[in-house]
Amino acid sequence: MRWLHDRSIGQKFFISFGVILSLLALSLTALIFYLSRINSYVDRHKRITVPAIVTAAGMQRSAYEMNLALHLFLEQAPNRSNPAGTLSELNRHADQIRNALDLYRSTHAARTHPILFGMLTDHQRVNLVDQEDRAIAQIDLALQELAVLWKSVLTPDPKNNVATKTPPLQADALIVQLMDNLDQLVAAHRDIDVEMKVEGDLLLQEARLIALGLVAVLGLVITTIYFLVNRQIAKPLQRLSVTADRVAHHDLTAQFESWPSRDEVGTLAASLSSMVTSLREQTAATARKTKELEAFTYSVAHDLKGPLREIEGFSSLLEKRFSDADDPQVRHHIGVIRGSALRLTHMIDALLRYSRLEQQDLPRRRFNILEMITTLITDRFNGLHTPKPKIQVELPFSDLYGEPVSIRQALANLLDNAAKFFRRGVTPAITFGGFQTATERILWVQDNGIGFDVSQQDKIFDLFERLHSPQDYEGTGVGLAIVKLVMDKHNGRAWAESTPGTGSRFYIAFPERADAGAAGLSPAQRMK
């Protein structure tokens, strides 16, 4: 087993299949061997036993006819005419028996067939061979004595063609003896046939036992291989997959079990264990850097806001002081200073919101999106003195699965974006809509503003990317980046469609379930 542990998976499968194929080949060889033995038994039965019984039965028939011819001759008393014909008929029957006996002795006798004789020896029935030999010898002797007897007593008188002597009772006794020996010969070969059938049954039984034994061994080998493969390959891989799934779901406390064998599974376990250790170290280092960066960001933001507040405050005082001055250039410079300070303050606040959102884990739940949009519109435009945009909400669903606070922020940014980029002389119109697919719930915000070139749709979601100057339209360049970040946090997607001069439509798509998303799709597929 230790030797098997050190083999690769390919070698283990090769060895396993080699053992199975070897057993199958052995099974096939054993079956072919026993089939050949059974076929040989059937062939011997056809060539020896059946013809032997048929030949012995033919000799019996000739003996019966011989006996009948002799008794017909004896019943012709007192004048037994035609002794020559009777002698000829008796000799013909005797020749038939003799020829059949010679054929039997040379072809059908058990002693002339080594395999048949060996089978009888194994069965301890050599007495049947001896019985067959004695019967053959007695039949041959009886035929010889009958031939001498008939020649002496059935020779016809040349004058009147009548037998000169009456056949003694010895002739009848010899024929009876001949028939008894023929019966013994037939009985012996019938017993030999019974032994051959026993041999055939033994061969079939051995073949069945061998086949069952090989099937059992093959089943045992397959079962053993299954348990070995299950224990050494399947179960370790299953444990590795479970641990890898935990790691994939950011559970770096998972531990990969070490595997003692040096096959691919052991190498994979060692590599994964090393990878998790490296990930833990990198995650810890990243967490430290993130905390440092977060502290640095807050520190820089705080340090920057102080001077900016002073610049904005003093510029405000200067603006009030020179409000009545006749120099418009001075008022312009003061306005630029104050506006730049305010814009930089807003950019710092937006960057802090983006940084906080990026570091947050967003716990998700199902909430009422229609109520959120209604509240958002009321909060954004209630008390506004400038002309309010015309807003419609046409959502086909009322609930959504996600983190409400971040989604509200994303929707607020899209609403502000739609209200900000309006066309001069055209009443702003904003529509909230959406639709649902088998895997996603999609919201869109459409406006009738200035629009943008569709080739810029990827650029507008980048941080600090702007398509217009701050003098034309206010903004920090962070709003749509926050929208994109929120959707990434939800495993969703964000994109836009627009035509310059006619308006824009911004889409945000949420997976139907919390663990669903478009991770398996390319960006081009996610845009469809």
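In this predicted model, N491 sits in the loop that separates α11 (479–489) from β6 (493–499). The phi angle of N491 is near 60°, a positive value in a residue other than glycine. N491 counts as partly exposed because its relative accessibility is 39%.

**A second residue with positive phi**
- Q124 belongs to the loop between α4 (114–122) and α5 (126–153).
- Q124 is a residue other than glycine with a positive phi, near 60°.
- With a relative accessibility of 70%, Q124 counts as exposed.

**The sheet**
- An open sheet is formed by 5 strands, arranged in the order β2-β4-β5-β7-β6 with mixed pairing.
- The edges are taken by β2 (390–394) and β6, each of which has a single partner strand, so one side of each lacks a neighbour in the sheet.
- From one strand to the next, the twist averages 15°.
- Strands β4 (residues 429–436) and β5 (residues 440–447) run antiparallel and are joined by 7 bridges.
- G434 has L443 in β5 as its bridge partner.
- Helix α9 (residues 369–381) lies across β2, β4 and β5, and runs at about 175° to β2.

**Confidence of the model**
- The average pLDDT of the chain is 75, and 75% of the residues score at least 70.

Note on methods. Residues are numbered from 1 along each chain as its sequence is written. This is a predicted model: local features need pLDDT of at least 70, side-chain atom pairs count only at pLDDT 80 or more; totals for chains, interfaces and linings use all residues. Side-chain values use heavy atoms; hydrogens and water are left out. pLDDT is the predictor's confidence in each residue, from 0 to 100. Helices (H or I, at least four residues) and strands (E, at least two) are DSSP runs, numbered from the N terminus. Buried means under 20% relative accessible area, exposed over 50%, partly exposed in between (1.4 Å probe, protein chains only). Two strands pair if DSSP finds at least two bridges between them. Axes are lines fitted to C-alpha atoms, for helices over the stretch in contact, and angles run from 0 to 180 degrees between N-to-C directions. Contact means heavy atoms within 4.5 Å.
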